[in-house]
Amino acid sequence: MRRDYELAFILNPEVSEEETRAILDRVEQIVANYGGQIVKVNNWGRRRLAYPIERHRDGIYVFIDMILTPETVAEIERTLKVSESVLRYMTKKRDPKAVQKEREDREAREARAAEAAAAAAAPASEGEAPTSEQEETPEVATAEASTESSPATASEEGPVPPSSEESVEA
């Protein structure tokens, strides 16, 4: 029977990106070999530990949500136990109600994104939708016409400084 699990492990902070990727690849390979599925990988990166482990104050945190059989969990834990770069690991069975709610939320988000993409693609394919330049042109022309048709008097504008030509002649 397949169940939802969350695997959390902390790596030695001196581990390189390649070694971190190698451990993640190994876990993914085990999951694939046993017919499991990885739902999400969340790599938090380097964080402060709550207490020192093997004289390390920091660690690289990685969380993986998976759908596995119990036999797969045993194999993953055996692999992590053997690895010297893994400081701590923990596999936890996830609450089925919380997992179901997450799946429903994810499906709803994907459905909304698909509808939005379809709505955006429909006007573009028809070719009848006006561009933003076409919509703004009448408004700009109207604004320019209104300023030209109603010239303001000097008293409405306030004192006008003399132009440079007038000051030279005076």
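Predicted model: local features only at pLDDT ≥ 70, side-chain atom pairs only at ≥ 80, totals over all residues.
**Entry 1: His56**

I began with His56, which lies in strand β3 (residues 56-68); here helices (H or I, at least four residues) and strands (E, at least two) are DSSP runs, numbered from the N terminus. Residues are numbered from 1 along each chain as its sequence is written, and side-chain values use heavy atoms, with hydrogens and water left out.

Is His56 buried or exposed? I found that His56 counts as buried because its relative accessibility is 13%, where buried means under 20% relative accessible area, exposed over 50%, and partly exposed in between (1.4 Å probe, protein chains only). Not counting residues up to four places away in sequence, I listed Asn12, Pro13, Glu14, Leu49, Tyr51 and Leu87 as the residues that His56 touches, a contact being heavy atoms within 4.5 Å.

**Entry 2: the whole chain**

I then stepped back and counted six helices and four strands in the protein, with the elements running β-α-β-β-α-β-α-α-α-α from the N terminus on. Of the 170 residues, 26% count as buried. Among contacts with a separation of 6 or more, 72% are made by residues 24 or more positions apart. The accessible surface comes to about 12400 Å², of which 51% belongs to carbon and sulfur atoms; accessible areas come from the Shrake-Rupley method with a 1.4 Å probe, and for residues only the protein chains shown count as cover.

**Entry 3: Thr79**

Next I looked up Thr79 in helix α2 (residues 70-82), which counts as buried because its relative accessibility is 16%. Leaving aside its neighbours within four places in sequence, Thr79 is in contact with Arg26 and Ile30. Thr79 and Arg26 are 53 residues apart in sequence and 8.5 Å apart in space, C-alpha to C-alpha.

**Entry 4: salt bridges**

How many salt bridges does a search of the whole structure find? The search finds nine, a salt bridge being a side-chain nitrogen of Lys or Arg within 4 Å of a carboxyl oxygen of Asp or Glu.

I looked at the bridge in which the side chains of Asp4 and Arg103 meet at 2.9 Å, N to O. This pair links distant parts of the chain, with Asp4 in strand β1 (residues 3-11) and Arg103 in helix α3, 99 residues apart. Asp4 counts as buried at 14% relative accessibility, whereas Arg103 counts as partly exposed at 28%.

I also noted that Arg94 forms a salt bridge with Asp65, the closest N and O atoms being 3.7 Å apart. Arg94 is in the loop between β4 (86-93) and α3, and Asp65 is in strand β3, 29 residues apart, so placed that the pair links distant parts of the chain. Both Arg94 and Asp65 are buried.Within helix α2, Glu75 and Arg78 lie three residues apart, about one turn of the helix, and their side chains meet in a salt bridge (2.8 Å, N to O). Glu75 is buried, with a relative accessible area of 16%, while Arg78 counts as partly exposed at 45%.

**Entry 5: a positive patch**

Helix α3 (residues 96-126) gives the most to the patch, with three residues. Arg112 is found in helix α3 and is exposed, with a relative accessible area of 53%.
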